[in-house]
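This report describes selected features of one structure, from strand pairing to backbone geometry. Please consult the sequence and the coordinates alongside the text.

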Amino acid sequence: MARSPKHGATIAQVAAAAGVSRATVSRVMNGLATVDAAMAERVRAAAAELEYRPSTMARGLSLGRTNTVALVVPDLGNPMFQQILRGAVAAAEPFGFRFLVAESAEHADAEAEIALEARLRCDALILAAPRSPESVLRELLPRVEPVVLINREIAGLDVPSVRVDYGAGVHSVVDHLVALGHREIAYAAGPRASASHALRVRALEEARERHSSLRVTTVACGSTVDDGYRVADEVLASGATGVVAFNDLVAFGLLARLNETGVDVPGDISIVGFDDIELAHYATPPLTTAAVPQAELGRRAWGLLQQLVPGGGAGGNGGAAGAGVSTASRSRLVMPGLVVRSSTGPVPPARRLAAPSSDRAGRVRTVVPGERAVWSATGDGWALTAADQPLARYVNGDAMPAVHSPRPYLHPLHSLGGVAMTQTTPTDHRHHYGVSMAVPDVNGTTYWGGRTFVRGQGPTLLANQGRQRTVSAEVVDDGATLSGQVSWTDERGQDQLVERRRVTGLLLPEVEAWALGWSSLLHAQDSDVTIGSPATSGRPGAGYGGLFWRLPFADETSVLTADAGSEAQAHGSRSPWIAVVRRHGDAWTTLLLAQPGRVDPWFVRVADYVGAGPALAWDTPRRIAAGSTLDVELVAAVVDRRLDAADAADLADFAVARVAAAPR
């Protein structure tokens with residue numbers, strides 16, 4: 001049967017149609033510039049008409065290359081390596097390169113042989129997280145050039161590499177657990193041959209030096225879900241209240257086994273993973289983890305490799321070991337970022353450190369004269385610390401889901417004694433985020449998150465979620481204040497308000513406490529702005545919205561005001577201050593909130609959940625005329641003891657005065 005000219009056309013048919021030789025067709029198809037432009041255009045037109053597709057194998061033989069790169073990974077079942085592959089493939093595809101993938105299945109002794117065989121079939125090699133000993137790699141790498149390493153570096157060998165700063169990632173997750181009050185941590189260790197495991201161990205040792213009260217128990221584990229499931233009972237037996245898992249897969253195994261045995265996460269024990277693979281958000285509960293931009297590792301690895309391979313599009317030199325490429329350009333360091341979800345929480349009350357008095361929280365923290373609280377920049381926001389002790393973290397909120405009305409917020413925030421004073425994304429109200437400027441209705445847009453109360457319909461999930469974005473921010477007042485501008489944009493991306501925000505942190509050594517001052521100037525620009533609430537839409541008593549503080553549950557919680565001592569009396573009151581008093585075992589903390597200027601009604605909850613804040617629209621809407629400004633202020637004092645009404649009143653006056661006297 002004669003071959004249809006449009007199905008499986010040959011180079012000879014293209015040559016005949018274009019009136020040229022087969023060699024000319026070959027040169028044009030290989031992109032060589034030695035053919036007359038008009039003739040080359042005639043060849044390309046004939047090839048398109050005949051739907052000619054040159055043989056990749058034949059082209060590779062003629063050019064002396066395969067346009068294929070080998071990627072060798074230790075475990076294809078790990079989504080981390082799947083994402084690395086996706087990133088590399090996406091980056092290399094525009095240059096006509098394809099990938100061959102090989103797996104060593106965590107067998108370090110077979111890895112070198114697998115890499116050699118893969119390299120023989122390809123033009124270059126990417127070796128991801130190799131498990132081979134350094135001595136083996138020193139012998140292997142010169143034999144497989146051009147090669148790029150991921151998450152490994154060999155001193156003295158000029159081999160391009162892309163690495164994750166695992167130390168920084170471990171420091172962030174440990175600091176997060178310590179801020180929640182955890183002092184006994186277990187590390188579910190990775191494979192002993194893993195270089196990233198060794199980096200994690202070193203970072204944990206450094207964390208122990210920074211946090212003198214921290215105890216870390218290492219539990220031999222591995223890198224898979226099965227490994228995490230297998231060691232869960234041993235982790236529990238260690239007595240740890242928080243667990244740092246080698247990766248998210250190990251964390252999944254731990255969560256599965258703990259769920260089977262009835263252990264509450266994070267109520268009984270907190271779990272932190274590493275990598276932030278796609279399923280981490282969907283774990284039960286959603287997993288707190290150190291996020292690694294996995295696909296970016298693959299893209300960066302290709303970026304380094306394309307400088308070395310022929311046809312890579314970046315001055316490839318045919319396999320020479322990076323001639324003309326600077327050492328600095330041959331190494332990439334990727335920083336992980338902390339993603340806080342629901343698998344971590346405060347240390348269980350029964351496990352908090354012993355207290356010398358029933359009126360104090362777990363650890364008494366004496367403020368040293370002259371000691372100060374100072375803000376400093378972090379990867380996704382700013383941290384307030386005093387003598388290296390974390391007090392609060394201000395997160396820009398960019399990673400919040402749209403349905404939660406993304407906004408900057410404070411979390412974690414804790415007392416000097418290490419007791420957690422904020423909570424985010426609790427199961428009862430996923431859109432609650434620590435301390436934030438959360439308003440349910442601004443000209444019909446919600447900056448509260450979750451469901452919106454619709455008159456005659458009730459709570460309804462609408463697509464009216466606004467967003468607060470940090471436009472600028474700087475640390476001022478000799479480190480005491482974080483000052484910046486925040487834009488409020490509606491669900492259509494239109495500007496509604498411009499906010500000038502100041503958050504000040506001060507130690508109060510006279511009363512062994514610390515204070516937080518939050519000031520927001522809300523400016524309406526070209527049109528009037530109306531602030532409402534569910535109460536103004538027909539839901540009695542639901543006048544919430546403004547500076548809102550969400551706290552964790554405790555064994556016992558009560559609320560005080562200047563003239564009342566119950567939730568019902570505090571809710572809607574115009575007391576100049578309220579005090580939320582909580583007991584954890586035999587230990588107590590008090591959060592004092594005061595309004596230094598205009599006193600708006602207090603929205604207070606302690607039974608269903610623990611949250612409080614002044615309400616901007618209690619029972620009638622509040623309007624900001626175009627060109628005018630609304631001033632919202634709140635001063636908080638956090639103490640590690642139980643206060644009565646008289647003590648609370650004195651502390652309110654003292655804290656307000658100290659914040660007002662802070663440099664501006």
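## Strand pairing around β33

Two strands count as paired if DSSP finds at least two bridges between them. Helices (H or I, at least four residues) and strands (E, at least two) are DSSP runs, numbered from the N terminus. The model is a predicted one, in which local features need pLDDT of at least 70 and side-chain atom pairs count only at pLDDT 80 or more, while totals for chains, interfaces and linings use all residues. Residues are numbered from 1 along each chain as its sequence is written, and side-chain values use heavy atoms, with hydrogens and water left out.

Strand β24 (residues 513–523) pairs with β33 in the antiparallel sense over 11 bridges, and Leu 516 stands opposite Ala 636 in β33. Strand β29 (residues 587–594) also runs antiparallel to β33, joined by five bridges; here Leu 591 faces Val 638 of β33. Buried denotes under 20% relative accessible area, exposed over 50%, and partly exposed in between (1.4 Å probe, protein chains only). Strand β33 (residues 629–639) is largely enclosed by the rest of the structure, because eight of its 11 residues are buried.

## Helix α10

The buried residues of α10 are Asp 227, Gly 228, Val 231, Ala 232 and Val 235. Their cover, by contact (heavy atoms within 4.5 Å), includes β6 (184–188), β7 (215–219), β8 (242–245) and α11 (248–260). After α10 comes Gly 239, with a positive phi near 85 degrees.

## Nonpolar cores

A nonpolar core is a set of buried Ala, Val, Leu, Ile, Met, Phe, Trp, Tyr and Cys residues joined through side-chain atoms within 4.5 Å. The largest has 72 residues, and those with the most contacts inside it are Ile 126, Val 174, Leu 254, Ile 271 and Leu 297. Helix α11 contributes the most to this core, with seven residues. Apart from it lies another core, of 53 residues, including Leu 482 and Trp 518.

## Backbone geometry

Most residues other than glycine have a negative phi, and most peptide bonds are trans. The bond from Val 265 to Pro 266 is cis, with omega near 10 degrees; Pro 266 is in the loop between α11 and β9 (270–275). Asn 151 has a positive phi, near 60 degrees, and counts as buried because its relative accessibility is 10%.
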